[in-house]
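This report describes selected features of a protein model, from individual side-chain contacts to the arrangement of the sheet. The sequence and structure are shown first.

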Amino acid sequence: MQHGPAVRRRKLGAELRALRTSAGLTSGQAARLVGWHQSKVSRIETGTSGVKPADVRLLLDAYGVADSQLRDLLMVLAGADDSGGRHHWWHAYRGVLPPTYRDFISLESQAGTMRTLETTVVPGLLQTPEYARAVTKAAVEGLSEERLDTLVEVRLARQDVLRADPPLKLSAVLDEAVLRREVGGPGVMARQLKRLVEAARLPQVRLQVLPFSAGAHIGVNGPFVIFSFSSTSDLDVVVLDHLTSSLYLERKEDLRVYSEAFDTLQIHALSPEDSLDFIAGTAAGA
């Protein structure tokens with residue numbers, strides 16, 4: 001269990017080590033190819049030190065990696081802008097956002113798919129501005145209006161991943177409590193439910209409602225997010241949110257357990273079609 005930046009360094013290092021091994025090179029041979037000392041290659045591969053995008057490019061060239069999608073992903077993990085031209089816009093909020101939140105946004109922007117269980121509030125990627133403001137104000141006490149405005153601005157900017165080319169594929173299981181909890185007042189909640197109905201019809205979004213009638217379920221332990229990447233499953237990660245920080249799980253056994261848990265939740269939840277009807281019905285009665 002690690003904080004986000006450490007996880008990304010470890011995952012990037014592990015992937016570079018695997019690529020070096022596949023190229024039939026020792027760490028010493030790789031170091032000589034790029035003009036470094038062997039210890040630098042070792043520090044990068046173990047994740048004990050950061051690595052610049054330019055250094056990653058040197059190593060990928062030395063290992064003969066031609067897969068453009070994999071190269072792009074590893075470059076972005078190292079801090080480069082992605083090949084689609086999407087800049088790391090969240091860096092502009094460095095003085096406002098904690099490191100774990102910035103790293104979450106970074107993973108979200110790079111992932112191919114996102115699976116999430118939400119037990120309390122609507123997923124951030126699907127929130128309306130009014131709802132996002134009410135949730136943020138309730139979750140973080142003592143916010144100035146200026147800081148509140150900034151955090152809502154960030155929340156809405158994150159939603160661009162659903163409109164990217166290609167878009168992030170979002171699969172969300174929502175506990176019925178998410179739909180029943182009145183956030184921001186009746187008007188705000190009614191408009192938020194309408195937004196969920198619209199989102200459920202998007203091809204890149206799969207929404208399922210876990211009704212109260214399903215009883216106790218594996219998700220009672222709390223919400224979680226699983227990020228998966230198109231190029232390699234070795235970079236997949238589970239994110240658990242806590243009141244003051246986020247924790248990242250990267251071990252294969254953790255990923256397996258949470259993936260199986262999400263599959264189980266989808267089985268017990270209403271189908272996407274029935275969920276759409278359920279949300280629409282809730283909205284009609286809001």
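## A buried arginine and its partner

R71 has a relative accessibility of 19% and therefore counts as buried, since the limit for that class is under 20%. The model is a predicted one. R71 forms a salt bridge with D61, in which the closest N and O atoms are 2.9 Å apart. D61 belongs to helix α4 (residues 53-62) and R71 to helix α5 (residues 68-77), so the pair ties together parts that are ten residues apart in sequence. In contrast to the buried R71, D61 is partly exposed, its relative accessible area being 46%.

## Other salt bridges

In general, side chains of opposite charge can pair when their charged atoms come close. Twelve salt bridges are found in a search of the whole structure. One of the places where they occur is helix α11, in which R256 and E260 both lie, four residues apart, or about one turn of the helix. The side chains of R256 and E260 meet in a salt bridge at 3.6 Å, N to O. R256 counts as partly exposed at 46% relative accessibility, and E260 is likewise partly exposed, at 43%.

R251 forms a salt bridge with E253, with the closest N and O atoms 3.5 Å apart. Here R251 is partly exposed, with a relative accessible area of 47%, and E253 is also partly exposed, at 39%. Elsewhere, R133, E145 and D149 are linked in a network of salt bridges.

## The sheet

The model contains an open sheet of six strands, ordered β3-β2-β1-β4-β5-β6, with mixed pairing. At the edges stand β3 (205-210) and β6 (246-249); each has a single partner strand, so one side of each is left without a neighbour in the sheet. From one strand to the next, the twist averages 15°.

Strands of a sheet pair through backbone hydrogen bonds, in either the parallel or the antiparallel sense. Strand β1 (residues 113-118) pairs with strand β4 (residues 224-228) in the antiparallel sense, over five bridges. The bridge partner of L117 in β4 is F224.

## Helix α11 across the sheet

Helix α11 (residues 252-268) lies across β1, β2 (169-175), β3, β4, β5 (237-241) and β6. Relative to β4, helix α11 runs at about 110°.

## Aromatic pairs

An aromatic pair is described by the distance of the ring centres and the angle of the planes. The structure holds four aromatic pairs. In one of them, W89 and Y93 are arranged edge-to-face, at 6.1 Å centre to centre and with 85° between the planes. W89 counts as partly exposed at 28% relative accessibility, whereas Y93 is buried, with a relative accessible area of 13%. Another pair brings together F224 and Y258: the ring centres are 5.0 Å apart and the planes stand at 75°, so this pair is edge-to-face. F224 lies in strand β4 and Y258 in helix α11, so the pair ties together parts that are 34 residues apart in sequence.

F224, which is also the bridge partner of L117, is buried, with a relative accessible area of 5%. Y258 counts as partly exposed at 21% relative accessibility.

S109 is located in helix α6 (residues 99-110) and counts as buried at 17% relative accessibility. A polar atom of the S109 side chain lies 2.7 Å from the backbone oxygen of S106.

T21 is found in helix α1 (residues 4-22) and counts as exposed, at 51% relative accessibility. The C-alpha atoms of T21 and A54 are separated by 21 Å, and the two residues are 33 residues apart along the chain.

Note on methods
Residues are numbered from 1 along each chain as its sequence is written. This is a predicted model: local features need pLDDT of at least 70, side-chain atom pairs count only at pLDDT 80 or more; totals for chains, interfaces and linings use all residues. Side-chain values use heavy atoms; hydrogens and water are left out. Helices (H or I, at least four residues) and strands (E, at least two) are DSSP runs, numbered from the N terminus. Buried means under 20% relative accessible area, exposed over 50%, partly exposed in between (1.4 Å probe, protein chains only). A polar contact is a pair of N or O atoms within 3.5 Å; within protein, one must be able to donate a hydrogen and the other to accept it, and residues adjacent in sequence count only if both atoms are side-chain atoms. Two strands pair if DSSP finds at least two bridges between them. Axes are lines fitted to C-alpha atoms, for helices over the stretch in contact, and angles run from 0 to 180 degrees between N-to-C directions. Contact means heavy atoms within 4.5 Å. A salt bridge is a side-chain nitrogen of Lys or Arg within 4 Å of a carboxyl oxygen of Asp or Glu. Rings of Phe, Tyr and Trp (its six-membered ring) pair if their centres lie within 6.5 Å; planes under 30 degrees apart count as stacked, over 60 as edge-to-face and the rest as tilted.
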